[in-house]
Amino acid sequence: MFVFIVRRLLFLPVVFFGVTLFIILLMQFLSPTQRAATYVRSEAQLRNIDAIIEQYGLNKGPHVQYWNWLKQVGQGNWGFSKATGEPVWASFKRRFPATLELAILSFIPTMLLGVWLGSASALNRDGFIDQVSRITSIFFWSLPVFVLAIWLLVIFYGGLGWFGLGQVTTAHSLEIIKPEFQRYTGFMTIDSLLNIRFDIFLDVINHMVLPIVTLVAIQSAQIVRIMRSSLLDTLTQDFVRTARAKGLAESIVNRKHALRNAIIPIITLGGFTIVGLLNGVVITETVFAYPGMGKWLADAAVQLDTASVMAGAVFTGILVVLANMLADVLYAVIDPRIRYN
Amino acid sequence: MDISSQSVSAQLANPKVKKTWWQSKAMRRFRRNPLGIVGFVILVGFIFISLFAGPLTSNQLVNYRNNCVRDLGLSRSTVTDVQNPLKMAFWRIIFAPPNSCFNMPRDGFSEVPKPPSELSILGTTSGGYDIYYGLIWGARTAFYGGIIVTGFGLLVGIIIGSISGYFGGWIDTLIMRIIDVIFAIPGLVLSMVIVTILGQSLRNVIIALSIFAWAGYARFLRGEILRVRELDFVDGAKALGARSPRLIFRHVLPNSIGSLIILASLDIGTIVLSVAALSFLGLGAPAGYADWGQMVNFARGWMLGLPGQPFAYWYVIFWPSFIIVLFVLGWNLLGDAVRDVLDVRS
């Protein structure tokens, strides 16, 4: 197991260099002036764009540009984000907790709902619950993120006016930047409670409802489908029959024997769900104007904000590798038949 | 040679063995799956719509000012030729429509959408574009994008996957690590970067998605080849002196490629979704091109309606999103049924 983890961790540098090299090579399609545009912050610099090209070696070969970028990152400087108008690292520190909060609050209900509905479906095979859940899950699975997000927006924001866009209402957005409002953790839900501001807490939750519903509805559909087929598979296996033959109650057989084994594939799927969430937030956050990583990267991509895209891609890549590793480790811990060697 | 002719004669002798395709086990299982049949019907409908987009929009072609009619060499009085199979224009608009036919005709240039009327039967979206026309021709755009990306992904995936699976060793390791890196890349964001760099157009969206499309197929095929390679008949071929290219192309690939092509063709729905998502973010075809994702994007400014009338412009958002969902639903229903049929365990 230790060797397995180390081997997976050794893959992280491969991802780092692979992803960043790919982006640097992509940027070679642009002219040096276009590449320099991401460094321009003031009009004075705009008039002196040749100096920027010279300073960052943007007219030299890709290997020079890559080396310059690596040196810069080595010094802890990830560059300046044109999309947010501040250093990349500052944007990251504010936006990552916002997205993580959204992801965690979506991930948990996704898993619970998926496992519950999937197993209810399998245990009542071809029954009413099964039919309903199969049809709804295939429907939600087919819904594009942007379509569901927009429908929810039209109905619950435009029509009923129940939920807001962004992270907090305008009045609260002025309060949270005041120095009295301490940002202990960066997570708005926790910080508002620590500052004893329940009104802000409720406001934050109100703004997260629609993005969370969007992500949960689409992601859990996949879990329902896998959970159902996995449990149906398990229920036909010999050890389940043995448990029944020993005279155990049906509910115990289902819960203690079948369900525990059927849930194993879901753990691997958990890793994929995190990847799906990361892609999902790009569109969800854009539609709901939620100030997280997804919206930042979407803005950065269309503005060719290289510094942000590089940082975002590196970060996402590392997260994906770690999530999949965690899923594999959990897999081995839960299922003793699995050995990684 | 002997063995195969024997089995053929055995089949002929026993009529029970010989079954038509319709009665094969797989087809019987498929026919029992109502959801799969619904999906199949939806898709046949979309294929019909995209093939006959011209005849289906002949009213629009008559009533709107547009270049499509001119480029077909028709005039207002002869536009009805597109509905007449005896005329050349009918076949031309089906198999080789001029590019201008993909541009949605406009009822004025107003930013404000217009409700359904005699002229625009489903209303117009922002910019005066006819919604009905966009939906019909958008089906062609959807199939076009989905088929090219999947086809390209398959081609590259098959080549790289078979190299990787057959040769093994360091080549295999290198290819697999590259694929791992591709899977770790945030695909949507990088596709956006690629389209922005190459310039906003449908062709560049297709290029951007193709860059990432092959990796999954290559990995799947490699796994299949590793499995097939261990089977006895490959050893037999090797013992008879077959060389690697012959082994790959004559013995290993034909045994692994079938399921790959079926599974990949079912991905077209997902690919169309990605194209639509990029269009929705404003990175797709140029404004006015019949493209569902773009129509949803156009609707964004109007979907919240007017003060006091939140659903005043419901048609600008409802129709394009409805058609996208229906299209993807069709693929997924069919895909689910086919995967069930192919799954040997059940």
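**Where chain B meets chain A**

Between chain B and chain A, four residue pairs are in polar contact, with both residues at pLDDT 80 or more. Keep in mind as you look around that this is a predicted model.

**Who supplies the chain B side**
- Five helices of chain B each bring at least two residues to the side that touches chain A: H9 (169-184), H10 (187-198), H11 (202-229), H14 (268-280) and H16 (314-342).
- H16(B) gives the most to that side, with 11 residues.
- By residue type, the side of chain B that touches chain A holds 34 nonpolar, four polar and six charged residues.

- In contact with each other are 44 residues of chain B and 46 residues of chain A.
- About 3800 Å² is buried between chain B and chain A, and carbon and sulfur atoms give 83% of that area.
- On the chain B side, the residues that lose the most area to chain A are Ala184(B), Ile197(B) and Val325(B), which together make up 14% of what that side buries.

**A charged pair to look for**
- The rule finds one salt bridge across the interface of chain B and chain A.
- You can look for a salt bridge where the side chains of Arg225(A) and Asp336(B) meet, at 2.8 Å from N to O.

**Domains of chain A**
- Chain A is assigned domain 1 (2-81) and domain 2 (94-302).
- The C-alpha centres of these two domains of chain A lie 35 Å apart.

Methods
Residues numbered from 1 in each chain as written. Chains lettered and ligands numbered in written order. Predicted model: local features only at pLDDT ≥ 70, side-chain atom pairs only at ≥ 80, totals over all residues. Heavy atoms only, no water. Contact = heavy atoms within 4.5 Å. Buried area = accessible area lost by both parts, 1.4 Å probe. Salt bridge = Lys/Arg side-chain N within 4 Å of Asp/Glu carboxyl O. Polar contact = N/O pair within 3.5 Å; in protein donor to acceptor, adjacent residues only side chain to side chain. Helix = DSSP H or I, 4+ residues; strand = E, 2+ residues; numbered from the N terminus. Nonpolar A, V, L, I, M, F, W, Y, C, P; charged D, E, K, R; others polar. Domains from an automatic or database assignment.
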